Amino acid sequence: MASNYEFDDTQQLDSAGYDPNFVPDSVKSFVVHLYRHIREKNVYEIHQMYETSFQTLSERLFKDTPWPSVDAVAQYVDNDHVFCLLYREMWFRHLYARLSPTLKQRIDSWDNYCSLFQVVLHGVVNMQLPNQWLWDMVDEFVYQFQSFCQYRAKMKNKTEAEIALLKQFDQAWNVYGVLNFLQALVEKSTIIQILEQEKEGLEQFTANDGYDYTGGSNVLKVLGYFSMVGLLRVHCLLGDYHTGLKCIQPIDISQQGVFTIVIGSHIATIYHYGFANLMLRRYVEAIREFNKILLYIYKTKQYHQKSPQYEQILKKNEQMYALLAVSLSLCPQLKLVEETVNSQLREKYGEKMLRMQRYDDEAFALYDELFSYACPKFITPSAPTYEEPLVNYNQDAYRLQLKLFLYEVKQQQLLSGVRTFLKVYSTISVGKLATYMEVDEPTLRTILMSYKHKTHAVDSDGKVVSNADIDFSINDDMIQVVESKPTKRYGDYFLRQIVKLEELMTDMDRVKLEA
């Protein structure tokens, strides 16, 4: 479809300058075709136009200006209300990506999402849209909410006009409004019941990738599905990890699902799921999921080089390696990590992880650095006080989460001595260990109880699970140590060496040919 848009109207635009009412021929052609394909439910063509043509047109004609206004293109699409809402959704997304939105534009975008979601929730939507577009809607909705909260919290340099607008439109991007829309989409779509029925073989939601092949619409169902990921993300931004994980529970993270079809959704889901587990001390679960997604990205990232999401994929990849380094330093469980991921991890953070094991001030500073680099952009959702003096509070939520995390690290540091001794012995008396650690026996027993507490966590089913690579029991006055031995993966090692040998032979053949 992209071939229809070999554009010759860049000159048209240059001579006109930016005029929101000027519609170049290629944009007319684009909206006419997109409108027709949406009416015909031609998902393949919609996807091609949405992913390829829209990006190409943006690159060629609207690199640093917005697209033509919705009023200017409405006449080419029968003034169709729903299409105009979809067009504006793309219009604002392009504006956020390429330019800096004004406060008025941020408020207008909120109004557009309200109208669009109201139509989906209460109107008759007879469309099939690509999963990519539906994911982007939810993703962008949460991103713009986060962006608005960050913007509003920087009060220091706000003009009187901006403050007046913020007071006037105090419901725009209100945290309850955002959560209510996402929750309403989940409930109205009945997606939780659909996923339950699928387990019993009564539904084909995942098997059909969320599409409706009976002539119906996939929009509400798939938006409801992705809204569960949106809720996880919003709750992570608010620092409420427990509620976030509850929202995502209907989706089986360990299996392939509709969330794994769109790479942006796959990465966002696991990043926030892993981060929430890390903050709840469920380190084993965090390590397991980070390992799986990092291996997946390693194998597939070359297929996404032309995707508009490619930079975001690489950024999240780096952040998840940092979070994996943190998780493994707090809970050494290398047996859960694939050799490929482990070698990448050693390359990126090997030296830092060794220093983090030492639990001194330098290690503490490294935890601070990695957490700050890899954590979500936390938000304060409440409106500011408009009294003078106006202050910036956009870092407050981040500082609080960092403080809580480092408090946990400090507690783990106190236990590092116990772990060091337990690694050396298979049995040792309480008295002897107390002497080595230079504490009395009652204090040691308290430390051992703390160790037990800190190496266990409550999982999502309410069960207490161990995170420890070294555990122990006490019989009378003897400590019996149990160490979990990692299973050696010889297969991985040989496969990697075979691949290296094949690459070497290919290079040698090339050298021979050139010679």
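Analyst: A salt bridge is a side-chain nitrogen of Lys or Arg within 4 Å of a carboxyl oxygen of Asp or Glu. The model is predicted, with local features needing pLDDT of at least 70 and side-chain atom pairs pLDDT 80 or more, while totals for chains, interfaces and linings use all residues. Residues are numbered from 1 along each chain as its sequence is written, and side-chain values use heavy atoms, leaving out hydrogens and water.

User: Which helices does the pair of Glu-318 and Lys-348 tie together?

Analyst: Helices are DSSP runs of H or I with at least four residues, numbered from the N terminus. The two residues belong to parts that are 30 residues apart in sequence, so their pairing ties together helix H15, which holds Glu-318, and helix H16 (residues 339-356), which holds Lys-348.

User: Are Asp-136 and Arg-93 buried or exposed?

Analyst: Asp-136 forms a salt bridge with Arg-93, with the closest N and O atoms 3.8 Å apart. Asp-136 lies in helix H7 and Arg-93 in helix H5, so this pair ties together parts 43 residues apart in sequence. With a 1.4 Å probe and protein chains only, under 20% relative accessible area means buried, over 50% exposed, and in between partly exposed. By that rule, both Asp-136 and Arg-93 are buried.

User: What is the volume of the largest pocket?

Analyst: On a 1 Å grid over the protein atoms alone, a pocket is an open set of points where a 1.4 Å probe fits, with protein on both sides within 12 Å along at least five of seven lines. Grid points are joined across faces, edges and corners, and the volume is the space filled by probe spheres set on the points. For the largest pocket, this volume is about 1500 Å³.

User: Which helix gives the largest share of the lining of the largest pocket?

Analyst: Lining residues have an atom within 4 Å of a point. Of the 43 residues that line the largest pocket, those closest to its centre include Asp-139, Glu-140 and Tyr-143. Helix H7 (131-153) is one of the elements that give two or more residues to this lining. The largest share, eight residues, comes from H7.
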